[in-house]
Amino acid sequence: MTETIPQARTAGDADITKPGATSGGLLVLAPLRFEARAVRRGLREASSRVQRTGMGATRAIKVAEEKYQDTFGTLIVMGTAAGLSDDLSPGDLVVGTEVSDGITTVPLPGADLLAAELRRAGFSARAGKIATVPKMIKSSERTRLAGEGYLAADMESAMLLGAANGRPAAVIRAVSDAGFGPGMVRGGLAALRSLRRAAPLAERWAAACAERTVLLAGPRSFCAGVERAIEIVERALELRGAPVYVRKQIVHNTRVVSDLEQRGAVFVDELDEVPDGATVVFSAHGVSPAVRAAAADRGLSVIDATCPLVSKVHAEARRFAREGYTVALIGHAGHEEVEGTLGEAPDSTVLVQTPADVAALTPADPSKVAYLMQTTLAVDEAADVAGALRERFPQMRAPGSDDICYATTNRQAAVHAVAAEADLVLVAGSKNSSNSVRLVERSQRAGTPAYLIDGASDIELSWLSGVSVVGLTAGASAPPAVVSEIITALSGLGAVTVTERVTTTESVQFGLPREVRR
Ligand code: SF4
């Protein structure tokens with residue numbers, strides 16, 4: 001599958017051949033002399049230019065027409081603006097997600113990346129809608145625009161963006177106004193200081209702009225166990241009403257957790273935080289028998305969202321322990337799934353994380369050793385530890401089928417295929433998601449730089465400099481919408497061609513527990 005997502009285009013530019021996305025350097029259009037001077041003082045690159053455009057729509061349209069076929073590669077409009085939100089202060093920066101003059105709206109999908117880069121550099125910066133208005137606005141107009149979700153108002157940006165002609169474009173406005181009076185001068189100075197300090201980051205944004213190919217790894221994102229766990233919480237909320245308590249994160253993803261929190265789920269670390277008689281959901285990672293017993297003692301109404309593939313490992317641990325085996329559990333210390341599995345047969349199970357741990361093993365009977373694995377390990381690393389175990393204990397028993405689950409295996413194979421062709425790999429997922437972290441490591445072992453990101457705003461612009469092919473995947477707990485959000489954000493830096501590399505297709509589905517069946 002191949003699809004091209006063009007850079008945001010402005011009205012009337014479709015029939016003009018545009019220059020290479022980044023050839024020609026950065027052009028900054030700044031309406032007022034003070035604004036242009038502040039930006040000029042902050043710029044570092046010889047290829048960057050600043051042009052003062054003059055105030056208001058008429059001058060802005062004239063400059064946009066003049067610059068339409070100029071040789072610059074990227075465009076940023078920088079200047080001061082009226083802040084429309086009470087929580088904005090003079091000197092704060094607003095990066096336009098879209099700019100509208102009430103007739104034409106120009107979307108700027110890379111705004112989140114630029115705003116996040118400014119925040120990482122210490123600015124108070126937000127991405128949001130900017131209104132271009134014909135004249136200085138009064139308080140009633142401010143209230144109306146704020147009500148429509150605009151963060152700032154200026155008098156030129158919508159028209160100046162007409163110069164972009166399909167090239168990457170952005171708008172950074174520094175909030176200046178605190179009403180008329182002495183505060184107005186102080187606010188203006190704060191805004192000019194911010195514009196000067198932000199200028200090098202505008203150049204960093206320009207350096208990250210390029211036309212790119214995004215190679216999507218397939219499969220990626222939600223697995224059957226995660227879909228089931230999320231659906232269990234959603235149905236529990238629907239059938240039993242909020243609040244529904246969930247022990248630990250239902251799956252290791254901040255977006256999923258905050259979405260469910262907004263709908264009435266309450267995430268707790270331990271059962272003593274759950275009120276008597278309440279409903280509690282056990283997460284997809286599973287729990288130990290001790291936790292089940294504690295919930296029963298408390299009379300809690302339990303709905304178990306443990307992934308069936310994790311339950312299978314628990315059952316194997318119980319079976320091997322019953323048969324008198326020492327169980328070597330290959331996994332990561334402290335992970336919730338590992339704690340749950342260790343709890344099934346604590347006297348018979350030993351955690352081994354590395355081949356060195358294998359050398360230190362002292363089983364009661366070396367002829368009765370079995371191994372199990374955490375479901376979300378790196379396939380190749382787990383094989384190394386299993387190999388060391390087999391060498392030391394040749395009679396060792398193995399699980400009936402692979403413990404590393406199909407979703408983990410498939411996502412690792414898919415990211416490996418994409419990493420071989422990419423300059424950079426982005427993995428959507430949260431830091432505590434084991435299978436997402438493994439995807440980053442797998443790419444890095446293939447020799448391709450890789451980063452774990454919760455969303456588009458975690459992308460650092462320096463990662464993209466010189467990168468023309470971006471590999472993109474998502475861990476089994478990361479929502480598909482995050483992948484779309486990342487592609488959209490990248491398209492704000494230049495046209496993006498999206499191609500999918502599918503190494504296998506998945507059709508696994510798990511049934512729901514009876515408590516939430518309709
Ligand atoms: S990653 Fe594997 S074990 Fe974990 S929830 Fe998904 S299918 Fe189940």
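Predicted model: local features only at pLDDT ≥ 70, side-chain atom pairs only at ≥ 80, totals over all residues.
1. Staying with N165: its phi is positive, about 55°, although the residue is not a glycine. Most residues other than glycine have a negative phi, and most peptide bonds are trans. N165 is also buried, because its relative accessibility is 1% and the cut-off for buried is under 20%.

2. S221 is another non-glycine residue with a positive phi, this one near 65°. You'll find S221 in the loop between β10 and α7, and at 4% relative accessibility it counts as buried.

3. That loop has something else to look at. P219 lies in it too, between β10 (212-218) and α7 (224-240), and the peptide bond from G218 to P219 is cis, with omega near 5°. At the other end of α7, the loop between α7 and β11 (244-247) holds P243. The peptide bond leading from A242 to P243 is cis as well, with omega near 0°.

4. On to the rings. A pair of aromatic rings is described by the distance of the centres and the angle of the planes. There are two aromatic pairs in the structure. In one, F320 and Y325 have ring centres 5.8 Å apart and planes at 65°, so this pair is edge-to-face. F320 is buried at a relative accessible area of 0%, and Y325, at 13%, counts as buried too.

5. The other pair is Y451 with W463: centres 3.7 Å apart, planes at 0°, so it goes down as stacked. This pair links distant parts of the chain, twelve residues apart, with Y451 in strand β19 (residues 450-453) and W463 in helix α16 (residues 461-464). Y451 is partly exposed at 28% relative accessibility, whereas W463 is buried at 15%.

6. Last, the surface charge. R33, R37, R40, R41, R44, R52, R59, R193, R196 and R197 gather there in a patch of positive charge. Which helix gives the most to the positive patch? That's α1, with four residues. Both α1 (33-42) and α6 (182-208) supply at least two residues each. R41 is placed in helix α1, and R41 counts as exposed because its relative accessibility is 61%.

Notes: Residues numbered from 1 in each chain as written. Heavy atoms only, no water. Patch = residues over 30% accessible without salt bridge, like charges linked within 9 Å, V, L, I, M, F, W, Y side chains within 5 Å. Areas by Shrake-Rupley, 256 points an atom, 1.4 Å probe, with all protein chains shown as cover. Salt bridge = Lys/Arg side-chain N within 4 Å of Asp/Glu carboxyl O. Lys, Arg positive; Asp, Glu negative; His and termini not counted. Charge placed at Lys NZ, Arg CZ, Asp CG, Glu CD. Buried < 20%, exposed > 50% of the residue type's maximum accessible area, 1.4 Å probe, protein only. Phe/Tyr/Trp six-rings, centres within 6.5 Å; stacked < 30°, edge-to-face > 60°.
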